[in-house]
Amino acid sequence: MKKGTGIKIIVSMIGLDGHTTGGEVISMMLRNAGFEVVYLGVNQTPEMIVNAAIQEDVDAIGRLKQMYEKRRDWEKLIRTMQREVELLPEDDQLIRYAEMADLATQRLRKPDVCIELWQKVLEGDPENPNALSNLAQLYERAREWEPLAEVLEPLAAGDTDVASMKQQPQKLG
């Protein structure tokens with residue numbers, strides 16, 4: 001019997017499946033093979049299982065993100081990353097939000113999601129030039145002038161390029 005693989009696995013049944021024996025037998029076999037098993041039982045939703053996987057730090061989350069990326073399912077990838085980032089220490093969250101916002105801006109192309117993620121970056125770093133620049137573009141495309149003006153102000157204050165400074169008021173009409 002092989003012990004101590006270092007791999008943690010979650011076993012669960014989605015929905016109202018009354019057949020618990022299969023999951024229990026699989027859990028027992030995996031434990032006997034040296035895997036660490038977290039058995040969640042029945043009546044679980046996919047979201048509950050993903051949340052448990054993130055909290056338990058199982059190896060499947062990385063593979064799940066790879067699968068979403070390979071399938072180009074950016075929305076599910078970003079949702080999974082959001083759940084994951086919420087469990088990180090505050091010091092590590094800013095970098096991850098910036099990564100998610102960049103991914104959403106380039107791949108997902110849903111302005112509301114992109115804006116929300118870039119705003120999270122600004123909460124942690126109010127003068128982040130990448131967040132300010134991306135938000136300016138998103139607000140300009142959406143023709144949201146008040147938020148655009150709020151973003152352009154700190155962006156212009158940090159800008160030393162004269163040509164760029166002249167363009168800022170033109171964006172507001």
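Before I go on, a word on what you're looking at. This is a predicted model, where local features need pLDDT of at least 70, side-chain atom pairs count only at pLDDT 80 or more, and totals for chains, interfaces and linings use all residues. Residues are numbered from 1 along each chain as its sequence is written, and side-chain values use heavy atoms, with hydrogens and water left out.

So who does Glu36 pair with? Its salt-bridge partner is Lys8, and the closest N and O atoms are 3.7 Å apart. By salt bridge I mean a side-chain nitrogen of Lys or Arg within 4 Å of a carboxyl oxygen of Asp or Glu. This one links distant parts of the chain: Lys8 sits in strand S1 (residues 8-14), Glu36 in strand S2 (residues 36-44), and they are 28 residues apart. Lys8 counts as buried, with 17% relative accessibility.

Now the overall picture. The protein chain has 9 helices and 2 strands. Those are DSSP runs numbered from the N terminus, with helices being H or I of at least four residues and strands being E of at least two. If you read along the sequence, you get β-α-β-α-α-α-α-α-α-α-α. The chain has 173 residues, and 35% of them count as buried. Take contacts between residues at least 6 apart in sequence, where contact means heavy atoms within 4.5 Å: 48% of them join residues at least 24 apart. The chain exposes about 11,200 Å², and carbon and sulfur atoms supply 50% of that. Those areas come from the Shrake-Rupley method with a 1.4 Å probe, and for residues, only the protein chains shown count as cover.

Back to charges. Side chains of opposite charge can pair when their charged atoms come close. How many salt bridges does the structure hold? There are 5. Another one is Arg71 with Asp73, where the closest N and O atoms are 3.6 Å apart. Asp73 is buried, at 18% relative accessible area.

Then there's Glu75 with Lys110, with 3.0 Å between the closest N and O atoms. Glu75 is in helix H4 (residues 74-86), while Lys110 is in the loop between helix H5 (90-108) and helix H6 (111-124), so this pair ties together parts that are 35 residues apart in sequence. Glu75 counts as partly exposed at 32% relative accessibility, and Lys110 counts as partly exposed at 33%. There's a network too: salt bridges that share partners join Arg71, Asp73 and Lys76.

Let's move to the surface patches. They're made of residues with over 30% relative accessible area and no salt bridge; like charges are joined within 9 Å, and nonpolar side chains (Val, Leu, Ile, Met, Phe, Trp, Tyr) within 5 Å. Which residues make the patch of positive charge? Arg72, Arg107, Arg109 and Arg141 gather there. For the charges, Lys and Arg count as positive and Asp and Glu as negative, while His and the chain ends are not counted. The place of a charge is NZ of Lys, CZ of Arg, CG of Asp or CD of Glu. One of the four, Arg141, lies in helix H7 (residues 129-142) and is exposed, at 60% relative accessible area.

The nonpolar patch is Val25, Met28 and Met29, with about 290 Å² of accessible area together. Met29 belongs to helix H1 (residues 20-32), and it is exposed, at 54% relative accessible area.

His19 and Gly41 are 22 residues apart along the chain, and their C-alpha atoms are separated by 9.9 Å.

Last stop, the backbone. Most residues other than glycine have a negative phi, and most peptide bonds are trans. Arg72 has a positive phi of about 60 degrees although it is not a glycine. Arg72 sits in the loop between helix H3 (60-70) and H4, and it is exposed, at 58% relative accessible area. Arg143 also has a positive phi, near 60 degrees. You'll find Arg143 in the loop between H7 and helix H8 (145-157), and it counts as exposed at 61% relative accessibility.

Methods: Buried < 20%, exposed > 50% of the residue type's maximum accessible area, 1.4 Å probe, protein only.
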